[in-house]
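Hi there,

Here is the structure I promised to pass on to you. Have a look at it first, and then read on for my notes.

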Amino acid sequence: MKQCNEYFKTEINGVPYLLPYGQSTAGLGTVLRLNQSGSLLWDGLCRGLSENELLALLAREYQASENELPLLRRDMEQFFSLLAAHGILAAPMPFPELSAAQASSPALSAAAMAPSTAHTFRIGTVTISCTGADALCEQYLKSFYFAPADPDLRINIIRHAPLQKHNGSILLRTSELILCDCGDTYLLLFSGDWFLHEMHLRKDGSVADIYCKLTSPEEHADMLFHAIRFAFLLAAQKKELFVMHSASLLYRGKAWLFSGCSGTGKSTHTSLWQQEFDTPLLNGDLNLLGISDGIPVVYGLPWCGTSGIYTEKSFPLGGIVFLKQAPNNRASVLSGEASVLAILQRLISPGWTEDLARTNLGFAAQLGGMVPTFSLECTKEPEAAHVMRAAIDNLPAAKK
């Protein structure tokens with residue numbers, strides 16, 4: 001037996017869970033709550049125990065008699081079947097060899113970079129310098145221009161393929177992207193639709209070299225804009241800033257986030273607030289979260305999906321609402337592990353390794369204890385906005 005190496009065990013409010021990271025996160029991996037037996041068996045699997053050794057471990061834990069061993073074995077096999085059904089217990093998955101065209105050197109060098117103006121931006125508390133794509137900066141980042149300063153993240157747009165190629169260990173693979181571990185560097189290989197070769201991203205989030213297929217990167221500034229988001233997400237995470245897939249609005253001087261799986265209606269719901277209460281919209285798709293002087297803050301982001309709605313300003317975070325389509329409108333407060341898990345599962349900050357996934361979890365647990373979180377079962381009718389506003393207005397003053 002072999003565990004999937006993209007899950008780790010942790011406790012949330014004293015309750016053991018298996019949480020995904022890396023490729024399992026990209027594939028919407030299952031979050032599994034463990035009972036005492038499951039937790040014990042997982043620890044045994046991590047130690048490489050055989051089935052008979054795991055059975056003996058359970059027998060000692062529960063002081064089972066010889067006659068009770070068949071029952072324990074059946075329980076153990078059911079647990080293994082559950083893990084296998086969710087892809088958590090499996091044989092190693094072979095990955096195909098990368099072709100020469102997909103491979104890359106982990107070395108970071110801007111020596112062959114085409115001359116260009118260096119533009120400086122400030123997003124949240126992250127200072128970014130970008131060189132090699134003037135149109136990208138003017139078109140998408142102009143609102144975030146900042147006085148030249150020592151950057152946290154240096155982005156170099158390079159107008160040719162990398163001179164050296166090297167394979168890495170695959171961490172994550174989707175239809176759009178392959179992400180590899182190359183020592184002190186992440187290698188991001190983009191699909192052909194991106195019109196890019198690849199990105200070399202230092203693991204400390206300080207430098208991103210993007211190799212562009214185009215003679216003129218300005219022709220596909222939109223592709224570059226989306227590509228540099230990966231670099232920003234890592235650099236932001238290093239500064240304890242995290243991005244949540246959510247729409248946001250301003251109510252009573254605070255930002256309120258509305259999140260849910262694709263198609264649950266976060267844009268529809270925030271539009272209802274604007275229609276019914278004339279509330280300003282802040283971002284239609286993504287929000288940058290951090291904690292400043294003990295206060296949760298939402299920072300403006302230029303990435304906003306197809307909504308076109310964004311702001312460069314920051315606001316204190318009021319709370320987070322998780323949406324679920326339903327025939328009737330009902331708001332309820334989330335607490336404890338439910339709140340932490342809801343926040344964690346909507347973060348898009350890198351969970352490429354166990355350490356990065358644990359970093360996300362730590363922030364979710366911290367934030368969940370600081371702001372109110374709601375579950376809103378809702379329709380697409382105006383009443384949904386009224387029900388949610390009433391739930392917010394009825395919060396104790398200390399939580400608003």
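Below is what I found in it, going from the whole chain to single residues.

Please keep in mind that this is a predicted model. The protein chain has ten helices and 20 strands. Of its 400 residues, 50% count as buried. If you take the contacts in the chain with a separation of 6 or more, 64% of them come from residues 24 or more positions apart.

**Aromatic residues**

The structure holds 15 aromatic pairs. One of them is formed by Phe79 and Phe80, with 6.2 Å centre to centre and 50° between the planes, which makes the pair tilted. Phe79 and Phe80 are both buried.

Another pair is made by Tyr186 and Trp352, and this one is edge-to-face, at 5.0 Å centre to centre with 80° between the planes. Tyr186 belongs to strand β9 (residues 185–190), while Trp352 sits in the loop between α8 (336–346) and α9 (354–368), so the pair ties together parts that lie 166 residues apart in sequence.

Beyond the pairs, one aromatic cluster is formed by Tyr140, Phe225, Phe232 and Trp303.

**Charges over rings**

Tyr186 comes up again here: the charged end of Lys203 sits over its ring, 5.4 Å from the centre. In a second case, Arg122 has its charged end over the ring of Phe146, 5.4 Å from the ring centre.

Thr185 is placed in strand β9, and with 1% relative accessibility Thr185 counts as buried. Which side chain does the side chain of Thr185 meet in a polar contact? The partner is the side chain of Asp184, at 2.9 Å.

Val207 is found in strand β11 (residues 207–212), and at 11% relative accessibility Val207 counts as buried as well. Its C-alpha atom is separated by 5.5 Å from that of Leu153, although Val207 and Leu153 are 54 residues apart along the chain. Setting aside neighbours within four places in sequence, the contacts of Val207 are Leu153, Arg154, Asn156, His200, Leu201 and Arg202.

**Helices**

Helix α2 (residues 36–46) has these buried residues: Gly38, Ser39, Leu40, Leu41, Trp42, Gly44 and Leu45. What caps the N-terminal end of α2? Asn35 does, with a side-chain oxygen 3.2 Å from the backbone nitrogen of Ser37. After α2 comes Gly48, which has a positive phi, near 80°.

**Two backbone angles to check**

Most residues other than glycine have a negative phi. Asn13 is not a glycine, yet its phi is positive, near 55°. Asn13 lies in the loop between β1 (7–12) and β2 (15–20), and with a relative accessible area of 58% Asn13 is exposed.

Phe195 likewise has a positive phi, near 60°. Phe195 is in the loop between β9 and β10 (196–202). With a relative accessible area of 33%, Phe195 is partly exposed.

Best wishes

Key
Residues are numbered from 1 along each chain as its sequence is written. This is a predicted model: local features need pLDDT of at least 70, side-chain atom pairs count only at pLDDT 80 or more; totals for chains, interfaces and linings use all residues. Side-chain values use heavy atoms; hydrogens and water are left out. Rings of Phe, Tyr and Trp (its six-membered ring) pair if their centres lie within 6.5 Å; planes under 30 degrees apart count as stacked, over 60 as edge-to-face and the rest as tilted. Buried means under 20% relative accessible area, exposed over 50%, partly exposed in between (1.4 Å probe, protein chains only). Helices (H or I, at least four residues) and strands (E, at least two) are DSSP runs, numbered from the N terminus. A charge sits over a ring if NZ of Lys or CZ of Arg is within 6 Å of the ring centre and within 35 degrees of the ring normal. A polar contact is a pair of N or O atoms within 3.5 Å; within protein, one must be able to donate a hydrogen and the other to accept it, and residues adjacent in sequence count only if both atoms are side-chain atoms. Contact means heavy atoms within 4.5 Å.
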